[in-house]
Amino acid sequence: MSEATVRYENPAPGIARIVLARADKHNAINPQMIFDTDAAFNRALKDDAVKVIILAADGKNFSAGHDIADTVENYAADMQERSPGVSGWSGFQEDATHGWYASEKEGYLESAKRWRNLAKPTICAVQGKCIAGALVFAWVCDLIIASEDAKFSDPVVTFGVSGVEWLGHPWELGARKAKEFLFTSDVWSAEEAHRLGMVNHVVPRDELQDFALDMAKKIAAKPAFALKLTKEAINKTLDLQGQANSIDAAFSLHHLCHTQNFRVFGYGMDTSNLPKVANVPETAKKG
Ligand code: ZN
């Protein structure tokens, strides 16, 4: 796991930019990218000179989602080493559901929680495809700027799973549209995501990074403590409405789906009905 999967930049005073840098793989999220993103967010958090963090991506597409040829279960030892005690969980190297659940909980769920709760404003700049696990990278940020060519989808119901590990869908889209999004696996445009309130602004592709940076500069001019407490106040509002608990509960149901697939297909799932939008191999894989 030596491949550099993200770049850390300081594009302006007070601003850090974390860039997904696997463009040749459509920025598919392998475990190294999760660990590198986690480290980059931590670096930005701990640097008092940084007031706002941008999450961006190289290439045509923001991200094709989890790299299902290279998933967290393959890195159980690293998982245990990297975040001891964070999730209060263990058993990353256990067989079957035990290790799978533990690895996904730590790798996909707890990392998303840390990024969502990070005490500095975050802005995600999304272009091209943003599929399934990539939605989590965007949703945990405070603001989302999308280019006009951005397209959002979560096709995992197609292969027998109840949405990605972080079920932000009802919170981002509203319950009724979230059901349509998941039931149909349809690909939604940036404009539709904007209409539903999931995206703050839609801008031309060649203006995306400048727009995000200008917004970051505007926010960075505000007092850091007020920004932190404003973020916390709004996140707490969502938590008091049940967001955190419902996402935890949905994660368990997600794993009930994995277990069903495990029983039916062995250690994998039926990917024969996968839509072409998903960047996945033809062969059955874990996910
Ligand atoms: Zn999963």
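User: Which helices and strand do the buried residues of H9 pack against?

Analyst: This is a predicted model. Leu227, Lys231 and Asn235 are the buried residues in H9. Seen down the helix axis, the buried residues fall within an arc of 55°, so they line one face. That buried set packs against helix H3 (96-117), strand E4 (122-126) and helix H8 (208-220).

User: Which residues are exposed on the other side of H9?

Analyst: Leu227, Lys231 and Asn235 of H9 are buried. On the other side of the helix, the exposed residues are Phe225 and Leu240.

User: How far apart are the end C-alpha atoms of helix H9?

Analyst: H9 covers residues 224-240, which is 17 residues. At 1.5 Å a residue, the helix should span 24 Å. The end C-alpha atoms agree with that, at 24 Å.

User: Which residue just after H9 takes a positive phi?

Analyst: H9 runs over residues 224-240. Just after H9, a phi of about 105° is found at glycine 242.

User: What covers the buried residues of H10?

Analyst: Helix H10 spans residues 243-265 and reaches 32 Å from its first C-alpha to its last, close to the expected 33 Å. Its buried residues include Ile247, Phe251, His254 and His258. The elements that cover the buried residues include H3, helix H5 (169-173) and H9.

User: Which residues coordinate the zinc ion?

Analyst: The donors lie at 2.0 to 2.5 Å from the zinc ion. Along the chain they follow the spacing E-x60-E-x88-H-x3-H. Two of the residues, His254 and His258, are buried in H10. The coordinating residues are Glu104, Glu165, His254 and His258.

User: How many residues apart in sequence are the parts that glutamate 104 and glutamate 165 tie together?

Analyst: Both glutamates coordinate the zinc ion through OE atoms. Glutamate 104 lies in helix H3, and glutamate 165 lies in the loop between strand E7 (151-153) and H5. The pair therefore ties together parts whose separation in sequence is 61 residues.

User: Is glutamate 165 buried or exposed?

Analyst: The cut-off for buried is under 20% relative accessible area. Glutamate 165 has a relative accessible area of 4%. Glutamate 165 therefore counts as buried.

User: What kind of aromatic pair do phenylalanine 41 and tryptophan 115 form?

Analyst: The structure holds four aromatic pairs. In this one, the rings are 5.4 Å apart centre to centre, with 40° between the planes. Planes under 30 degrees apart count as stacked and those over 60 as edge-to-face. The pair is therefore tilted.

User: Which helices does that pair tie together?

Analyst: Phenylalanine 41 is buried at 2% relative accessibility. Tryptophan 115 is buried as well, at 3%. The two lie in parts 74 residues apart in sequence, so the pair ties together helix H1 (residues 31-46) and helix H3.

User: Where does the charged end of arginine 43 sit?

Analyst: The charged end of arginine 43 is 3.8 Å from a ring centre. It sits over the ring of tyrosine 8.

User: What separates the C-alpha atoms of arginine 205 and glutamine 127?

Analyst: Arginine 205 lies in the loop between strand E9 (201-203) and H8. At 34% relative accessibility, arginine 205 is partly exposed. Among the residues it touches are Gln127, Glu148 and Asp149. Arginine 205 and glutamine 127 are 78 residues apart along the chain, yet their C-alpha separation is 7.0 Å.

Terms used
Residues numbered from 1 in each chain as written. Predicted model: local features only at pLDDT ≥ 70, side-chain atom pairs only at ≥ 80, totals over all residues. Heavy atoms only, no water. Helix = DSSP H or I, 4+ residues; strand = E, 2+ residues; numbered from the N terminus. Expected span 1.5 Å × (residues − 1). Buried < 20%, exposed > 50% of the residue type's maximum accessible area, 1.4 Å probe, protein only. Arc of directions from axis to C-beta. Contact = heavy atoms within 4.5 Å. Phe/Tyr/Trp six-rings, centres within 6.5 Å; stacked < 30°, edge-to-face > 60°. Lys NZ or Arg CZ within 6 Å of the ring centre and 35° of its normal. Donors = N, O, S within 2.8 Å, 3.2 Å for Na, K, Ca; no water. Lists of a residue's contacts leave out its neighbours within four places in sequence.
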